[in-house]
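Me: I'd like a close look at one part of this model, the charged pairs. Could you walk me through it?

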Amino acid sequence: MFELNVVTGALKMRQPARAPIRHWIADNHGQVRLGWGLSGATISHYARLDGEHEWRRLTKFEVFSRDNHFDPIAISGEEANKAYAYGSSEGRKALWLIDLTDKEDPSLVFAHPAVDVGRPLIARDGRLLGIHYDTGYPMMYYTDERIEALNRSVKELVPGKYSSLGEST
């Protein structure tokens, strides 16, 4: 994984290749913390704890298995050794917070009883701001309280209209 300076065009290696990992997620400090990849028909998820250099396997499962598993999508901005992940809740795709140290059970953050959660809303610094879902109308569950408060203010200005904030300065 490389970091690209868009002004100078310079490339800096942030994480050397590590089989079978082919996909990477960095925390909001730019440290590569999550990775996953495929070897044969097995998908494995790996994590590196805050301040550590060693990778540890989080999960391993067969591609077409029906086993419940979590798919990490972002490192928590508040708790360095926790990550947000997709997982199942009552037969629907939901948002969970998982402990990368494996000391605490995963906790359900958001699930809708009628629909699956959709794509994540990720800030430029890698934090998860929220998760989209659709109940016939586009909806957003915010994990970032500040962005949620800003969005409430926007909705008061334009009632009855859909709004979604992805970043602010």
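Let's start with the helix: how far apart are Arg-152 and Glu-148 in helix α1?

Reply: Arg-152 and Glu-148 sit four residues apart in helix α1 (residues 145-157), so about one helical turn separates them. Helices (H or I, at least four residues) and strands (E, at least two) are DSSP runs, numbered from the N terminus. Keep in mind that this is a predicted model: local features need pLDDT of at least 70, side-chain atom pairs count only at pLDDT 80 or more, and totals for chains, interfaces and linings use all residues. Residues are numbered from 1 along each chain as its sequence is written, and side-chain values use heavy atoms, with hydrogens and water left out.

Arg-152 and Glu-148 form a salt bridge, with their closest N and O atoms 3.9 Å apart. The term means a side-chain nitrogen of Lys or Arg within 4 Å of a carboxyl oxygen of Asp or Glu. Arg-152 is partly exposed at 47% relative accessibility, and Glu-148 is partly exposed too, at 32%. Here buried means under 20% relative accessible area, exposed over 50%, and partly exposed in between (1.4 Å probe, protein chains only).

The structure holds eight salt bridges, and a network of them links Glu-79, Lys-82 and Glu-104. Lys-82 is buried, at 13% relative accessible area. The Lys-82 side chain meets Glu-79 at 3.3 Å, N to O, and Glu-104 at 2.9 Å, N to O.
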